[in-house]
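My entries follow in the order in which I made them.

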Amino acid sequence: MHDILRIAGVSKTYGSGFQALKGVDLAIRSGEIFALLGPNGAGKTTLISIVCGIVTASTGSVSVDGHDIVRDYRAARSLIGLVPQELTTDAFESVWNTVSFSRGLFGKAANPAHIEKVLKALSLWDKKDNKIMTLSGGMKRRLMIAKALSHEPRLLFLDEPTAGVDVNLRRDMWQLVRELRATGVTIILTTHYIDEAEEMADRIGVINKGELILVEEKEALMRKLGRKQLTLQLATPLAQLPPSLASDGLTLSADGTELTYTYDPQGDRVGIVTLMQDLGALGIAFKDLHTTQSSLEDIFVGLLKEGAAA
C-alpha cells in the first residue's frame with residue numbers, strides 16, 4: 001500500500017508572527033481513514049488548507065500521489081476533494097447545477113451518470129432540482145460532500161463534517177465514509193467528536209499547538225495507552241488502605257467504601273488473582289465489582305495534558 005499523501009517539514013508562520021504549524025511530517029496511506037484530532041486552534045484546518053493549496057506553507061513540501069502541490073498544483077489538486085467546515089454555497093442555485101458546476105471547475109467532462117450516483121448515495125436525488133436555500137442544514141452538509149466528490153477525487157478531506165448535525169445524520173455520514181473507503185477513496189477526517197474517530201479511523205493523529213504529537217494505529221493506541229480499572233465495592237468501609245496492599249496499585253476512595261485497581265488489560269491476570277488472595281487473607285470482603293476501560297477521549301485528554309506540562 002503506497003502513500004497517497006506526503007507532508008514533510010511543513011511549518012506556517014503568519015504575518016502577525018503566530019506560528020500555526022511547526023515542522024509537521026505525515027504520510028497517509030492509500031485507502032485508509034485517518035482521523036486528525038486536536039483542540040480549537042491546534043492547526044488542523046491550517047494543515048488541510050496547505051494541502052489543498054488554499055494556504056501557502058512557510059517551509060516544507062507536500063505531494064499528492066507524487067504530484068508536488070506547488071510545482072504541479074493542477075494535477076495534485078484534481079486528486080483532492082475538500083468538505084470545509086463552513087457551508088458556502090450559492091443559495092439560489094439548484095442542487096444538480098451546483099454539483100455539476102463543481103465538477104467542471106476541475107476540467108472534468110460532464111458526466112450526468114456520476115452526478116446522479118453521488119446524489120443518490122447522499123440521499124439528495126429527490127432534491128436535485130431544489131434551490132439550495134430550501135435545504136435543511138443536514139442536507140446542505142450532504143451537498144458539500146457531493147460537491148467534493150463531483151470530480152472523483154482519490155483523497156477526501158472532511159473538516160468537521162458532522163458539526164451541527166443530528167445523531168441520525170452523523171450515523172448516516174459514518175456509513176457513507178465507509179462506503180467511500182470501500183471504493184478506494186482515502187479519507188482524512190478532522191473532528192471534535194472523539195467517538196467519531198474511535199468508530200471509523202484506521203489511524204489517529206493528535207495535533208496540538210501546531211505540532212503533531214502522535215500518529216498511531218487506533219487499535220495499537222488503545223492497547224498502548226488504554227487502561228482498565230477494577231473497582232471493588234467493600235462490604236465494610238476501611239479507615240485506611242492496609243500497608244500490605246500499598247504495593248498492589250490500589251487506591252481507596254475518600255469514604256473508604258471502594259478500592260480501585262488500575263492495570264494493563266493486555267497483561268496477564270496474575271495481578272488480579274494476587275489482589276483477590278491478599279484481600280481474602282486480610283478478611284476484606286466486597287459486595288460488588290465492575291471494570292471500566294479507558295476511552296479514546298480519556299487518552300486524548302491525557303495526551304494534551306502531558307503536552308501542556310512539557
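I began with L156 and, setting aside its neighbours within four places in sequence, I found it in contact (heavy atoms within 4.5 Å) with G81, L82, V83, A148, L149, L180, V185, T186, I187 and I188. I note that this is a predicted model, in which local features need pLDDT of at least 70 and side-chain atom pairs count only at pLDDT 80 or more, while totals for chains, interfaces and linings use all residues. Residues are numbered from 1 along each chain as its sequence is written, and side-chain values use heavy atoms, with hydrogens and water left out.

Of its 29 residues, I145, L156, L158 and I187 touch the most other members. At least two residues of this core come from each of α3 (95–105), α4 (112–121), α5 (137–149), β7 (155–159), α6 (167–182) and β8 (186–190); helices (H or I, at least four residues) and strands (E, at least two) are DSSP runs numbered from the N terminus. A second, separate core holds 28 residues, including I7, L21, L26 and V64.

I then turned to α5, which is largely enclosed by the rest of the structure because 10 of its 13 residues are buried. The buried residues, among them R141, R142 and K147, pack against β6 (80–83), α3, α4, β7 and α6.

For the pairing of α3 with α5, I noted an angle of about 35° and axes 7 Å apart, the axes being lines fitted to C-alpha atoms over the stretch in contact and the angle running from 0 to 180 degrees between N-to-C directions. V95, T98, V99 and S102 of α3 make the contact with L143, A146 and K147 of α5.

Last, I checked the backbone, where most residues other than glycine have a negative phi. S123, in the loop between α4 and α5, has a positive phi of about 55° although it is not a glycine, and at 43% relative accessibility S123 counts as partly exposed. K209 also has a positive phi of about 55°; K209 lies in the loop between β9 (203–208) and β10 (211–217) and is exposed, with a relative accessible area of 53%.

Notes:
Core = buried A, V, L, I, M, F, W, Y, C linked by side-chain atoms within 4.5 Å. Buried < 20%, exposed > 50% of the residue type's maximum accessible area, 1.4 Å probe, protein only.
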